[in-house]
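Have the viewer open as you read.

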Amino acid sequence: MKKYEILGGNLPVVICELADGESMITESGSMSWMSSNMKMDTTTGGGMKKMLGRLVSGDSAFQNRYTAKEGDGTIAFASSFPGAIKALKISPGHSLIVQKSSFLASEEGVELSMHFQKNLGKGLFGGEGFIMQRLSGNGIAFIEIDGHAVEYDLVVGQEMMISTGYLAAMEETCTLDVAMVNGAKNMLLGGEGIFNTVVRGPGKVILQTMPITKVAELLTPFFNDKR
């Protein structure tokens, strides 16, 4: 990729400039606009197994490859929810685990796959679910953040307690666990639920300030109001 620019504030779009012959990968339906010399090719992205893995992890089964032909090209990808688009550098040994459905687009060298929480308790009670997404390979990937992105670099053994839905991404060197809220009164009356997600370093953690699930919870009473 020659360059990219993220515009739009909290209604963001990333505009990518590609050299002749360069390609980008995106989930189905993510392209917003492009120059007329960008050519699309729909693929399984590595075969049936990887296709099903992406489908289970909340992404589309098929991927679209956009390639600049006969000269430089321009392509744009807009976020589907108010928030931010984050550019992440993926390289060997620096894979990232991200929330379901957050992948927007990437350079062709980045591979999107399923990340499965093997621990039953983490999957049931951690709030992030059994299935997340893993970004590996080499290149720049763009993910959608619900609201504003806040980053922390955790040292070895350092922990961050995170409420359900606020974890956007973490480096694969981090570990994820769950912790029960202390005290029955806090669990029942505190309004924060029974379990929190615990991320332990070393590695980078990216949090988000407006999880779409929280927004849905706030809006539900208005949808159900029949007045």
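Predicted model: local features only at pLDDT ≥ 70, side-chain atom pairs only at ≥ 80, totals over all residues.

## Surface and overall make-up

As for secondary structure, the chain has 4 helices and 19 strands. It runs to 227 residues, 42% of which count as buried. If you look at contacts between residues at least 6 apart in sequence, 77% of them link residues at least 24 apart.

## A cis peptide bond

Going from Gly201 to Pro202, the peptide bond is cis, with omega near 25°. Where does Pro202 sit? You'll find Pro202 in the loop between β18 (195–200) and β19 (203–208).

## Positive phi without glycine

Glu70 isn't a glycine, yet its phi is positive, at about 55°. Look for Glu70 in the loop that links β6 (63–68) and β7 (73–78). Is Glu70 buried or exposed? Glu70 counts as exposed because its relative accessibility is 82%, and the cut-off for exposed is over 50%.

Ser101 is another non-glycine residue with a positive phi, this one about 70°. Its place is the loop between β9 (96–98) and β10 (103–107). With a relative accessible area of 37%, Ser101 is partly exposed, a label that covers values between the buried limit of under 20% and the exposed limit of over 50%.

Note on methods
Residues numbered from 1 in each chain as written. Heavy atoms only, no water. Helix = DSSP H or I, 4+ residues; strand = E, 2+ residues; numbered from the N terminus. Buried < 20%, exposed > 50% of the residue type's maximum accessible area, 1.4 Å probe, protein only. Contact = heavy atoms within 4.5 Å.
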